[in-house]
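Dear colleague,

Please read them with the model open beside you.

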Amino acid sequence: EGLMTYEEGDILSIKGTWSLGNLESCSLLTRRDGSTATNYQVSSGQLVGEGTVVVGNSTYTGTWNDNGLLNGEARIANEN
């Protein structure tokens, strides 16, 4: 398990499981704008399955389909 940080691009860091230098699973993706996601799928490069995404003061908890689209019931909370 480890944390990879990036000096350039939209992604600031990825916390996950690595094997032989390759990311196998991601438990937390953090973007430069401060948004985070817990369900980033490495193989597809998108959000898939159950997870939580935080953007600004809003938290979305729900499910994304195999195409990375929001799908089904969800909960959206805003600190304000």
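Asp-66 is exposed, with a relative accessible area of 64%, where exposed means over 50%, buried under 20% and partly exposed in between, with a 1.4 Å probe and protein chains only. This is a predicted model, in which local features need pLDDT of at least 70 and side-chain atom pairs count only at pLDDT 80 or more, while totals for chains, interfaces and linings use all residues. Residues are numbered from 1 along each chain as its sequence is written, and side-chain values use heavy atoms, with hydrogens and water left out.

Asp-66 lies in the loop between strand E8 (58–64) and strand E9 (70–78), strands being DSSP runs of E of at least two residues, numbered from the N terminus. Leaving aside residues up to four places away in sequence, Asp-66 touches Gln-46 and Val-48, a contact being heavy atoms within 4.5 Å.

Strands E1 (residues 2–5) and E2 (residues 11–19) run antiparallel and are joined by four bridges, pairing requiring at least two bridges found by DSSP. Their hairpin has five residues between the strands, and Gly-9 there takes a positive phi near 90°.

Best regards
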